[in-house]
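User: Walk me through how to read a few features of this model. Keep it brisk.

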Amino acid sequence: MDKHEGREAATELFGSFHLGGDEFALPAGCIREVVNYPAKVTALPLSPAYLEGMFTLRGSVIPVVNLGRLFRADAPRAMATDKIAILDFQQVLVGIVFQDTGEILRVAASERSALRYAGGDAHAVIAGTILLDGGARLLQILDPHALLRIENVPHVLALQATGARPGTARYHAQSERRQCVSFHAAGATFAFEMLAIQEIIKVPELHSSLLNSELCLGRMHFRGSQVAVVDFGALLQATREDKAPTPEQRVIVVRLEDATVGFLVDSVDSIVHFFGDEVLPIPLLSKARAAMFAGCITKQGLGDIIFLDHRHILSQAEIVEMRAGHARLYPADAETASAATRQAQRRVYITFTVETQFAVEIGQVREIIDFSGAITTPPGMPACMRGMLNLRQQMISIIDLRQLYAMPPLPDAGAGAGKILIVERGAERYGFLVDHIDNIMTISDSQRFAAPQIIRTGTHDDLRSDMEEMLDIGTDAQRQTLSVFQCDHLLEKLGAALPQAA
């Protein structure tokens, strides 16, 4: 009896995997499950070369480690036919890529051997070997703790603890809804929280600076100050072959402590609403600017969005250098803004185009999404109703403003052309289809005035005729006048256009 118990105690379970002609084994206790390689893996900048990216699985962000590239830097990237073993690593889930799974093995102590490494050896990922079939089959045992180092385990565990709330719908009903602006840079999608953003503008003329570097592209004039413009792609150490500016590029102006910095990004995409417990922690395998990665937000139709903590994007030394250096070299012209403008109340607007430019207060817009072909058109709907969209289990009526005001259709009216402004009135949500989103701007109330009577009494099919106020922005050399878009007026007009229930 004692001999039998001793044999059982010496037996250990392993899972086997195949990679590049070799067979590996992992202790079965650390393996949560094995899944197919996901269709979408999001790249995570500033990560080691062996990290393929990340994906979400049942409410957890899983970093995907290419074991072959961990052993050899020039090993091939992962393929769609590969498998991923999900490991429980210090209560944090990590995915390891293999070409194929093997079997669960019950291995006796006599079939295992441990390898000894010199102290401090960083490559001691092979903990030992397993010999089976009389020595004809050799498996290398991987040590998960020597294999990886998660730099932010406490942060991940803390977010997991606060995010796991019973009754999510009840929690959402009582919590504050937040908004972020998503943008593209370095081949990935990121987001700043709306509160961090001062303005989003088209790329202005950039002036050379003595502080120019690979990171700092130069300076721009912004509200009487000299503001450093940072290449967000360079910040993420991404290389871009074609450095020519594109029409989609924008500068996101962000307040960092007592400094203002502009970040050049490839495009600004959407406004996304979220709740705090929807920010999933990202296990990080690199220390490089790790504090800037606040988490991941996953939304249907938008995919994985890397949510940034703007306070930790730049180091204190970098902020001081940009602020103090530009202030010293290029002192602000305090007379460029009048005292009245400085003291006036300022509001944030989204500017967009429907044939001509309009502005809408950002508080009237719930979110902005891409126009896609996933819209259902029930029979009998008026021409101005493009159809119904199922957006996260809520049906939204999509209103084509061009049809409503008898404008010609967009030249490119296919899927992907246009944006949809989602507005909320009570329990109902509506989507206004517009040509494109231009900027997010902070504008003083002193620049807002009543629309001239000649515009308000214009043709019935002129969208501007339903707008009571206008914004006058810019300088004498480059002045813009924008009609202030008022959602309530549009919904009233829509109600008159729709057939009334008997």
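Analyst: Start with burial: buried means under 20% relative accessible area, exposed over 50% and partly exposed in between (1.4 Å probe, protein chains only). Phenylalanine 352 has 0% relative accessibility, so it counts as buried. The model is predicted: local features need pLDDT of at least 70, side-chain atom pairs count only at pLDDT 80 or more, and totals for chains, interfaces and linings use all residues. Residues are numbered from 1 along each chain as its sequence is written, and side-chain values use heavy atoms, with hydrogens and water left out.

User: How many aromatic pairs are there?

Analyst: Rings of Phe, Tyr and Trp (its six-membered ring) pair if their centres lie within 6.5 Å; planes under 30 degrees apart count as stacked, over 60 as edge-to-face and the rest as tilted. The count here is 13 aromatic pairs. Among them, phenylalanine 24 and phenylalanine 71 are stacked, at 5.8 Å centre to centre and 25° between the planes.

User: Why is the pair of phenylalanine 352 and phenylalanine 358 called stacked?

Analyst: The ring centres of phenylalanine 352 and phenylalanine 358 are 5.9 Å apart and the planes lie at 20°, so the pair is stacked. Phenylalanine 358 is buried too, with a relative accessible area of 1%.

User: Which residues form an aromatic cluster?

Analyst: One cluster is formed by Phe183, Phe190, Phe192, Phe232 and Phe263.
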